[in-house]
Amino acid sequence: MKAENILSQEQKEAYCGKMTQLLPMLRARLGMTQEELGKVSGVSRVTISQIESGRAKMNWLHFSALMMVCTSDRNAKELLYVNGMLDNSLLRFYQVSSDHPQLNVVVSPSIIGFLKEYTAD
């Protein structure tokens with residue numbers, strides 16, 4: 001089973017939209033400036049600023065990079081969880097992705113570990 005069969009484009013866009021809304025709060029929970037978040041995530045400060053201000057749309061690569069950072073921090077993870085960002089669909093997507101490295105999907109062990117801890121089938 002391929003990861004792209006688990007999450008539709010619409011689901012990915014919905015996750016990106018939710019992450020966009022939460023991004024300023026997530027940065028606050030992380031205690032990071034846009035510059036600092038950019039350095040650790042690989043998403044430029046300019047792109048983060050444009051996403052937060054609505055001048056640019058978050059894509060799935062941005063989402064995955066930001067998830068890697070956010071799931072490494074307990075406070076940020078809790079905000080994601082409370083807002084429905086960490087669910088079984090995302091867990092299955094990342095599990096399948098980690099089992100199939102040829103899909104070239106960014107997968108963080110912290111994402112999988114957190115999702116396993118907080119979700120139940």
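Helix H1 (residues 9-30) and helix H3 (residues 45-53) pack at an angle of about 120°, and H1 and H3 are therefore oblique to each other. This is a predicted model, in which local features need pLDDT of at least 70, side-chain atom pairs count only at pLDDT 80 or more, and totals for chains, interfaces and linings use all residues. Residues are numbered from 1 along each chain as its sequence is written, and side-chain values use heavy atoms, with hydrogens and water left out.

**H1 and H3**

- Thr-20, Leu-23, Pro-24 and Arg-27 in H1 meet Ile-48, Ile-51 and Glu-52 in H3, where contact means heavy atoms within 4.5 Å.
- By class, this contact has 4 nonpolar, 1 polar and 2 charged residues (Ala, Val, Leu, Ile, Met, Phe, Trp, Tyr, Cys and Pro count as nonpolar, Asp, Glu, Lys and Arg as charged, and the others, Gly among them, as polar).

**H2 and H4**

- Helix H2 (residues 34-41) and helix H4 (residues 60-70) pack at about 100°, with axes 9 Å apart.
- H2 and H4 are therefore roughly perpendicular to each other (65 to 115 degrees counts as roughly perpendicular; under 35 is roughly parallel, over 145 roughly antiparallel and the rest oblique).
- Leu-37, Val-40 and Ser-41 in H2 meet Ala-65, Leu-66 and Val-69 in H4.

**Confidence**

- The mean pLDDT (the predictor's confidence in each residue, from 0 to 100) of the chain is 81.
- Where pLDDT is low, the predicted coordinates should not be read in detail.

Definitions and conventions: Helices (H or I, at least four residues) and strands (E, at least two) are DSSP runs, numbered from the N terminus. Axes are lines fitted to C-alpha atoms, for helices over the stretch in contact, and angles run from 0 to 180 degrees between N-to-C directions.
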